[in-house]
Amino acid sequence: IPVLVWLRRDLRLGDNPALAAAVASGRPVIPVFIADEMMQDLGAAPDWRLKLGVAHFDRVLRQVGSRVLFRIGSARQILQQLVAETGATGIYWNRAYHPDEITRDTNIKSDLKALGIEVKSFPGNLCFEPWTVAKGSGGGYRVFTPFWRSVRQLSVAASAPAPAQLRSPQDWPKADDLQLWAARHRMGRGVSVVRPYLSLGEQAAWERLETFCDDGLSGYSAGRDIPSRPATSGLSEALACGEISARQIWHRGRALWQDGAVGAETFLKQLVWREFAYHLMFHEPHILTRNWRQEWDGFPWNQDDQHPDVIAWKQGRTGIAFVDAAMREMYVTGRMHNRGRMIVASYLSKHLMTDWRIGQRWFADCLTDWDPASNAMGWQWAAGSGPDAAPYFRVFNPELQLKKFDPDGRYRRGWIAEGQAEPSETALSYFDAIPKSWNMRAGNPYPTPIVSAAKGRERALAAYQNRGF
Ligand code: FAD
């Protein structure tokens with residue numbers, strides 16, 4: 001009698017407690033991935049990346065005697081159908097923390113339990129589950145530093161080892177064709193340009209982590225703010241699909257920290273920002289959709305996502321080099337340097353006085369490392385409407401930021417072709433990635449700023465003062 005393992009964003013063999021428990025039961029294991037209703041809302045890039053991740057994990061599972069059983073439809077119905085088709089008496093999964101996922105999983109759990117199925121969920125995707133960390137006064141944390149202080153000494157459960165082999169059922173239930181999923185959404189941009197920037201799967205994630213620990217960690221604190229340098233781990237995409245777990249990264253970093261490795265503490269602290277984002281999303285889920293600080297409701301933000309300034313922002317032709325370079329980096333590589341994210345988010349919400357949710361949605365459509373919790377926290381931080389956010393009067397000057405963090409102009413030249421006699425390959429590749437309808441050419445003159453750093457700042461500050469902030 002088989003056990004079903006419902007895979008979600010945990011496409012890995014190592015430290016996958018649901019999979020490990022299924023293997024330990026000694027019964028045949030059926031790993032299932034369901035493109036369900038929750039996936040209808042996924043943006044183009046995360047949807048595409050997740051599908052590639054599932055296809056990759058299927059290949060990995062086939063090497064250990066198993067596969068991914070892929071189905072499209074309602075998770076609730078499909079799991080019940082699979083129980084009927086296979087006679088499975090157990091369903092295991094690793095917990096997810098988005099409010100809609102929590103509701104879905106809770107309902108499914110109670111339905112299946114009513115049918116007499118053994119349903120077990122496991123902690124696999126965070127180091128610290130949100131309800132296990134609470135302030136002395138009760139409730140969740142709202143400020144990062146005390147959160148960090150309270151978790152940094154906690155012990156994190158050991159990573160479950162990867163099973164060497166999975167026992168398969170005699171007959172596999174019928175699967176849907178993975179290609180049917182691709183047909184539902186299409187990346188509107190040159191996938192052949194973006195594809196080489198992806199690194200898929202668990203093994204690639206571990207190689208990244210090891211290379212980073214060996215060569216990158218010691219320069220991390222100094223280099224992580226310089227967007228032209230590959231000074232960060234680049235693990236966000238693997239984390240978003242669960243190809244490596246935060247616990248695995250934690251244990252590797254913690255051991256180095258204990259050994260006194262330079263940069264290890266800073267790196268773990270960044271990893272804990274992701275934990276903090278999940279903590280906030282769990283305790284105050286309105287962070288995903290509403291101004292976390294209610295006094296921002298009614299602020300006269302532009303709400304029109306077709307406004308010419310917003311289109312220029314999305315297309316990387318605002319005439320502000322840091323903003324345009326970063327927006328193009330995201331369009332070509334699927335990711336954007338953290339400093340770039342802060343600058344473009346600040347420029348959209350402050351200089352262009354546009355609702356942060358417009359930017360949040362664009363990121364959700366373009367980022368291959370899209371993460372609902374980190375994205376919402378990052379946007380509310382930049383706009384000033386979030387917990388522990390940049391105060392409204394801290395308006396980044398994107399020109400000074402460029403001087404400070406791109407002193408040799410490498411990042412700018414790497415992404416902006418216009419005005420260069422011999423543009424770099426990366427800068428040119430942007431024009432292969434964008435739709436023709438954007439009507440941009442490398443040979444065009446570089447645009448003058450749609451809203452200058454000084455004017456935007458003045459306008460934003462005046463609006464804040466009018467609101468009595
Ligand atoms: P490293 O510097 O190597 O850090 C290691 C890991 O720590 C990262 O992979 C990530 O999981 C975590 N981390 C680091 N910085 C942050 C942070 N500020 N917030 C949360 N987690 C962090 N990150 C996403 O993963 N997905 C998103 O959709 C996302 N949207 C963002 C939107 C905005 C407006 C901003 C300001 C930040 C956003 N971030 C997001 C956070 C951050 O920019 C990325 O996690 C980071 O750039 C990933 O690069 P890395 O893996 O090389 O990071």
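User: Is Phe267 buried or exposed?
Analyst: This is a predicted model, where local features need pLDDT of at least 70, side-chain atom pairs count only at pLDDT 80 or more, and totals for chains, interfaces and linings use all residues. Residues are numbered from 1 along each chain as its sequence is written. A residue is buried if 20 or more other C-beta atoms, placed from the backbone, lie within 10 Å of its own, exposed if 12 or fewer, and partly exposed in between. Phe267 has 24 C-beta neighbours inside 10 Å, so it counts as buried.

User: Which residues does Phe267 touch, leaving out those up to four places away in sequence?
Analyst: Phe267 sits in helix α12. Helices (H or I, at least four residues) and strands (E, at least two) are DSSP runs, numbered from the N terminus. Contact requires C-beta atoms, placed from the backbone, within 7 Å. Beyond four places in sequence, Phe267 touches Leu217, Tyr220 and Gly253.

User: Is Leu235 buried or exposed?
Analyst: Leu235 lies in the loop between α9 (220-223) and α10. Setting aside neighbours within four places in sequence, its contacts are Ala205, Arg208, Leu209, Ile244 and Ile249. Around Leu235, 21 other C-beta atoms lie within 10 Å, so it is buried.

User: Which residues are closest to the ligand?
Analyst: A residue counts as near if its C-beta atom, placed from the backbone, lies within 6 Å of the molecule. The ligand is surrounded by 27 residues, and the closest are Thr232, Ser233, Ser236, Asn375 and Gly378.

User: Which elements give two or more residues to the shell around the ligand?
Analyst: The shell holds 27 residues. The elements giving two or more are α10 (236-240), α12 (264-283), α15 (338-351) and α17 (372-383).

User: Which domains does the ligand lie between?
Analyst: Domain bounds come from an automatic or database domain assignment. Two domains both give residues to the shell, so the ligand lies between them: domain 2 (126-152 + 199-283) and domain 3 (294-466).

User: What does UniProt list for "binding site"?
Analyst: The entry is unreviewed. The UniProt list is Tyr220, Thr232, Ser233, Gly234, Leu235, Ser236, Phe267, Asp369, Trp370 and Asp371.

User: What share of the residues of the chain count as buried?
Analyst: The chain has 21 helices and five strands. Its C-alpha trace spans about 70 × 55 × 45 Å along the principal axes. Of its 469 residues, the share that count as buried is 46%.

Conventions: UniProt positions renumbered as here; feature names shortened; annotations may be inferred. Contact = placed C-beta atoms within 7 Å.
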